[in-house]
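Below are a few friendly notes to read alongside the model.

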Amino acid sequence: MLELGEALLALLALLVLVVALGRSSTARYEAERAHRARQQAADAAAPTGRERAEGEGTAHPAGRGTAAWWLVDEPQDRAGTVVLAGPFPGRMEADWAAVSGGFPATVQVVHGARRADGSLVRRQSPQERAWLTELGSQLDRLADDWDELLSDADALTTLLVEVSAALVEAGLSLHDAAGDSPAGGVCLTPDPARRGILVTWRQHDRMSLERVRGEVVEAAVERTMNAAVADVLTAMGFPVTPVGTSGCHLVAADQQSASAA
């Protein structure tokens, strides 16, 4: 659990750095390419081997030093992580083994590399790296209002990353305020006084500005989408409070700030 907490803190620091310093797609691409090059160099220097585990429930030395998928457990009666099986070349194979192999209910599928002593070092999977890139591109869309507020030690920054991740996971895109895009999306506006984020839905310029379908339809769609976004965040466990009658909602970093809305 300590390793997971450290990984989450490292993820938060990385995302804050992307938001605060990375508004150039070229710079983000170069940073990702450099990271992949370092990872490939490290893997090339390590011993090779991606053979499957030949017996279910058995930890094999194959694949030491090479990132792969593993089945692990963290039993309460002993310290550390216990490798149950692996390596598996893909997440699907590891998931199937976890379901069909008779492992305990606490079994976890993780991505990592074996040390020479048999212990497992967790590493970001290709899917996690792709997710970070996708989330970073969404965070790049935030308005300039956020620039002076972002800090990896601030609860509002943590909330911003969590809310953004939840919305993107639900299939909703953030409005590209930085690029002044007409496409619309979810608008996240900082509310430092209430230690929260104001969440609203922005429709495409054709609907919100040109009103090609008329004011009645524009108002109905805006009301529906604001409610839908609030419902999504509520379902994901965020404290959501309506602000006035405009359809705007406040997601606060603490319940006291939310009640003050």
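1. Let's start with a helix. Helix α7, residues 215-235, lies across β5, β6, β7 and β8, and runs at about 140 degrees to β6. Helices (H or I, at least four residues) and strands (E, at least two) are DSSP runs, numbered from the N terminus. Axes are lines fitted to C-alpha atoms, for helices over the stretch in contact, with angles from 0 to 180 degrees between N-to-C directions.

2. A word on provenance: this is a predicted model, where local features need pLDDT of at least 70, side-chain atom pairs count only at pLDDT 80 or more, and totals for chains, interfaces and linings use all residues. Residues are numbered from 1 along each chain as its sequence is written, and side-chain values use heavy atoms, leaving out hydrogens and water.

3. Now the sheet: four strands make an open, antiparallel arrangement in the order β5-β6-β8-β7 (strands pair if DSSP finds at least two bridges between them). At the edges sit β5 (185-191) and β7 (240-243), each pairing on one side only. From one strand to the next, the twist averages 30 degrees.

4. Strands β5 and β6 (residues 196-202) run antiparallel and are joined by seven bridges. Pro-190 has Ile-197 of β6 as its bridge partner. Helix α5 (residues 155-169) packs on the sheet and touches β5, β6 and β8 (248-252), its direction making about 30 degrees with that of β6.

5. Finally, confidence: the chain's mean pLDDT (the predictor's per-residue confidence, from 0 to 100) is 75, with 69% of residues at 70 or more. Over residues 33-63 the pLDDT is below 50.

How values were computed: Contact = heavy atoms within 4.5 Å.
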